[in-house]
Amino acid sequence: MDKSVLEKINSFTRRPFTEEEVYTFPVILCDNDIDRDFERFSDSALETLAESFIGKTGISDHNPTVTNQNARIFDTEIITDNTRLTKNGEPYKYLKANAYMIRTGENADMIAEIEGGIKKEVSISCSASSRKCSICGTDKAVTGCVHVKGKFYNNKMCHVILDNITDSYEWSFVAVPAQINAGVTKRSANYGNISTYSDVDIKNADEEIRRDIRRLAFFSGGKSAVENAMISAECMNTGQLIELKKSFERRSYSGKTEVQLIPDNKNDFSTDEFSMK
C-alpha cells in the first residue's frame, strides 16, 4: 500500500493504523449515464459529489444505525472513459471512490463477500435542488412540464438531469441500485457506444424494470406478491412500471433512510420524488 494512501486513511482514525490492519477497495458510486429511473447526474453534480463523499460512511440497505456502519471513503476521483458513450451520446464519466474497513473478526465475512463479488452493488444518498427536463430545460424541482420521463420526443428520450447537489449523506450496499454501473469494481466495463434508443432498447429497459419489480416484490411479500405484481405490470407502460417499482422499494425498505435523492421540500409530493435508487 502506498504511504500516501495510508496517510489519507489515518486522517480519519484516532490512532495510526498499519497496512495490515486495514482493508481497502474501490467502488463506483454513480455516473453521468441515464439510470433505471430515467435520470442522470450532470458533470457539475459529479464534481460536487466527488468532494462531498470524502469521509462519508458506507452502510447496508440505507439503514443509518451505528452498528450498520462498515466502511468509510478516504479518496475520490472522476474518471472519463472516452471509448464509451452514455445513452444520450456524451463521453461516459463516473465517480470512483476508494473506501477502507478495519480488519476485525466481525467483518471478516463481509470482506470475503466483497472479494468474492457477493457484496458489490451500491447506492448513494444525496439531495439535488435542480432537476431539469432534458427536452425543454424546465426545472421540475420548481414547476412541472408536459414531458414524461422515459417517453420519446423527436427521437429523444426524456430524462431528468440532476444538478446543484445540496448535500450527501451516505453510500450503501443494496440489492437493486438504480444506477446500473454502480458498485465495487476492479475496472470499468466497456459496454460499447450507445447514442440512441430503439424500440428494442425500450423493450429491454421495460424488461429490466420488470425484473427489478419481481425481485423487490419477492423481498416484500414472497411468491404471491411476485405473481400479483406481474399481473399488474403486464399491460403497463414504462412510466407506470417505474412507479410500481418505486412502490415496492418503499415497502422493501420501510422505516429506513432509503432515498438517494431527497427533495428539498419534503412536504411536496410529485412523481419526481422517489425512494432508494
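**Exercise 1. Charges over rings**

Task: In this predicted model, find which ring lies under Arg15 and how far its centre is.

Solution. Arg15 lies over the face of Phe17, and the distance to the ring centre is 3.9 Å. A charge counts as sitting over a ring only if, among other conditions, CZ of Arg is within 6 Å of the ring centre. A further case is Arg84, whose charged end sits over the ring of Tyr92, 3.8 Å from the centre.

**Exercise 2. Aromatic pairs**

Task: State how many aromatic pairs the whole structure holds, then classify the pair Tyr23 and Phe25.

Solution. Step one: the search of the whole structure gives six aromatic pairs. Step two: the ring centres of Tyr23 and Phe25 are 5.6 Å apart and the planes meet at 25°, so this pair is stacked. The cut-off needed here is that planes under 30 degrees apart count as stacked. Step three: check the burial of both residues. Tyr23 has 6% relative accessibility and therefore counts as buried. Phe25, with a relative accessible area of 3%, is buried. Step four: look for further partners. Ring pairs join Tyr23 and Phe25 with Trp171 and Phe173 in a cluster.

**Exercise 3. The buried face of helix α2**

Task: List the buried residues of helix α2 and decide where on the helix they lie.

Solution. Helix α2 covers residues 43-52, and its buried residues are Ala45, Leu46, Leu49 and Ala50. Viewed down the axis of α2, these buried residues fall within an arc of 140°, so they line one face of the helix. The next step is to ask what they pack against. The partners of the buried residues of α2 are the strands β1 (22-31), β2 (39-41), β4 (71-85), β5 (91-102), β6 (122-133) and β9 (160-173).

**Exercise 4. The surroundings of Arg40**

Task: Place Arg40 in the fold and describe its side-chain partners.

Solution. Arg40 is found in strand β2. Its relative accessibility is 8%, so Arg40 counts as buried. The side chain of Arg40 makes a polar contact of 2.9 Å with the side chain of His159. Arg40 also forms a salt bridge with Glu90, with the closest N and O atoms 3.9 Å apart. Glu90 lies in the loop between β4 and β5, so this bridge ties together parts that are 50 residues apart in sequence. Glu90 counts as partly exposed at 28% relative accessibility. Finally, leaving aside neighbours within four places in sequence, the contacts of Arg40 include Asn32, Asp33, Ile34, Asn88 and Val160.

How values were computed:
Residues numbered from 1 in each chain as written. Predicted model: local features only at pLDDT ≥ 70, side-chain atom pairs only at ≥ 80, totals over all residues. Heavy atoms only, no water. Buried < 20%, exposed > 50% of the residue type's maximum accessible area, 1.4 Å probe, protein only. Helix = DSSP H or I, 4+ residues; strand = E, 2+ residues; numbered from the N terminus. Arc of directions from axis to C-beta. Contact = heavy atoms within 4.5 Å. Phe/Tyr/Trp six-rings, centres within 6.5 Å; stacked < 30°, edge-to-face > 60°. Lys NZ or Arg CZ within 6 Å of the ring centre and 35° of its normal. Polar contact = N/O pair within 3.5 Å; in protein donor to acceptor, adjacent residues only side chain to side chain. Salt bridge = Lys/Arg side-chain N within 4 Å of Asp/Glu carboxyl O.
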